[in-house]
Amino acid sequence: MAGPAAPPPSPATLWDPLVLPRLTLPHRVVRAATYDNLATPDGYPTAAQGELLAALACGGAGTIITGFAYVSRQGRALQGGQAGIDHDDKIAPWARVLEQVRRAEAGTKVLLQIAHTGRQTTAGATGRPVVGAGPVRCTYFLSPVRPLTEREIGGVVRSFVAAAERAWRAGFDGVQVHAAHGYLIHQFLSPRTNRRRDAYGADPLRLLREIVEGIRARTPLAILLKLSAGEDGRGGLTLDRVVDYARAIDAWEVDALEISYGTMEIPLNIIRGAVPADVSLRYNPLFRRWGRVAIALFRRFLLPWYKKRFLPFQEMYNVDAAYRIARAVRTPVLVTGGIRTGAQIAALVADRGLAGATLARPFIREPDFVARLRADPGRRSTCLSCNLCTVMCDSPYPLRCWMDAPADLRREALGE
Ligand SMILES: Cc1cc2nc3c(=O)[nH]c(=O)nc-3n(C[C@H](O)[C@H](O)[C@H](O)COP(=O)(O)O)c2cc1C
């Protein structure tokens, strides 16, 4: 006779390691990719970047995903302090950043987020024509877009693979391929921007698959994918479509998916919360080219209408979408967006079967957020999602929480 059935495995807790095929993360609270404005104008990472990441490591972050690093000059963003991984001579500076992190806390896992902006940039920022999946302008950047030829797509794949090889040589534990937020890979996934009649139109996942296969063939790195589970406006990515994509991606055996939302058409719908319009109008280069009169008219007549397009902030705003995707796949699913308490993370891991949570703003506010959570599991992040950190990405100031910035700095930088 068979003995009594084994008890069901107890659900994971937020402090359990997350065992992925190629990497074990120390626990389930991950620092989400966060642009920090700390690289040199040529995209070389700096010691200041190392200090920022080392502070996170010291504070118990466990796993850190860097801000988006461009894989080629053509894939650069508008922000001047963005780091790149587009050339072999960036390997050594990245290795020095990683030394700083591991000196601070040896067990910290660090993943480089690799990205190509596609249509979400300007020729002024890249010094190259703006390219994309199809000839559809982004209503935010307004750059005319030239669709990539099939031959050029081969070059994009090679630049992602070369970037991952450099990341491996620098000592990263993995890469996160940025397939979300309307950047180039997202442009192939979304029917609004992928108007192609070739093999990359017939199979919107083809570009991403070729990148993943290339990285797999050339490096042993863990591969995470960041995906938007939907986007604003009509005719774009829907959750149903992304669930189908996730089912197909399941066969590729990537290490994990991270679920986010949106595109740069309405950037604040990716990162929800307050709308600090005055500060944004002060620094955003796209608004600044309008001139004073146009800005004054915009502020007076169009801003109230514009603000209506913003989705309200709700804590855990991507969790339902992530949960639907997680139920459809075996690949571990992380979720980002408005996660603010240890109890929320514990619940999404134990009750919803998600692999973990990635947080950005709580770590900007408190780099030692994880250490504080360990000391007080009932703790709530003191981040108020005021989004000054978000809109200040367009300023010359490095990433910081502006809530407790000294008064003179706030006056100088925010115009208070
Ligand atoms: C200042 C700032 C910079 C960001 N930079 C990136 C980035 O480089 N790559 C990316 O995928 N997401 C980026 N994000 C989005 C975050 O990774 C995260 O998905 C989003 O902020 C929601 O999480 P949160 O509510 O914990 O902030 C950024 C967010 C902020 C606030």
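The UniProt record, an unreviewed entry, annotates residues 14-257 as "domain: NADH:flavin oxidoreductase/NADH oxidase N-terminal". The model described here is predicted.

**The nonpolar core**

The largest nonpolar core contains 116 residues. Ile-114, Phe-160, Val-175, Val-177, Ile-325 and Val-333 have the most contacts inside this core. Helix H4 gives the largest share of the core, ten residues. Which residues does Ile-114 touch, leaving aside those up to four places away in sequence? They are Ala-69, Val-71, Ile-85, Phe-160, Ala-163, Ala-164, Val-175, Val-177 and His-178.

**Strand S4 and its partners**

Strand S4 spans residues 63-70, and eight of its eight residues are buried, so the strand is largely enclosed by the rest of the structure. S4 pairs with S3 (residues 29-31) through two bridges, and these strands run parallel. In that pairing, Arg-31 stands opposite Ile-64 of S4. S4 is also joined to S5 (residues 109-115), by six bridges and again in parallel. Here Tyr-70 stands opposite Ala-115 of S5.

**Helix H7**

Helix H7 covers residues 206-218, which makes 13 residues. From first to last C-alpha it reaches 18 Å, close to the 18 Å expected at 1.5 Å a residue. Leu-207, Leu-208, Ile-211, Val-212 and Ile-215 are its buried residues named here. Why do they lie on the same side of H7? They do so because they cover an arc of only 130° around the axis. The elements that cover the buried residues of H7 include helix H4 (150-170), strand S8 (174-179), helix H5 (184-189), helix H6 (199-202) and strand S9 (222-228).

Most residues other than glycine have a negative phi. His-181 has a positive value, near 55°, and Ser-385 also has a positive phi, of about 50°. His-181 is in the loop between S8 and H5, while Ser-385 is in the loop between helix H15 (369-375) and helix H16 (388-391). Their surroundings are set out below.

| Residue | Burial | Other C-beta atoms within 10 Å |
|---|---|---|
| His-181 | buried | 24 other C-beta atoms |

Note on methods: Residues are numbered from 1 along each chain as its sequence is written. This is a predicted model: local features need pLDDT of at least 70, side-chain atom pairs count only at pLDDT 80 or more; totals for chains, interfaces and linings use all residues. Helices (H or I, at least four residues) and strands (E, at least two) are DSSP runs, numbered from the N terminus. The expected span of a helix is 1.5 Å times one less than its number of residues. A residue is buried if 20 or more other C-beta atoms lie within 10 Å of its own, exposed if 12 or fewer, and partly exposed in between; C-beta atoms are placed from the backbone. The arc is that of the directions from the helix axis to the C-beta atoms. Two residues are in contact if their C-beta atoms, placed from the backbone, lie within 7 Å. UniProt positions are given in the numbering used here, feature names are shortened, and annotations may be inferred rather than shown by experiment. A nonpolar core is a set of buried Ala, Val, Leu, Ile, Met, Phe, Trp, Tyr and Cys residues joined through C-beta atoms within 7 Å. Two strands pair if DSSP finds at least two bridges between them.
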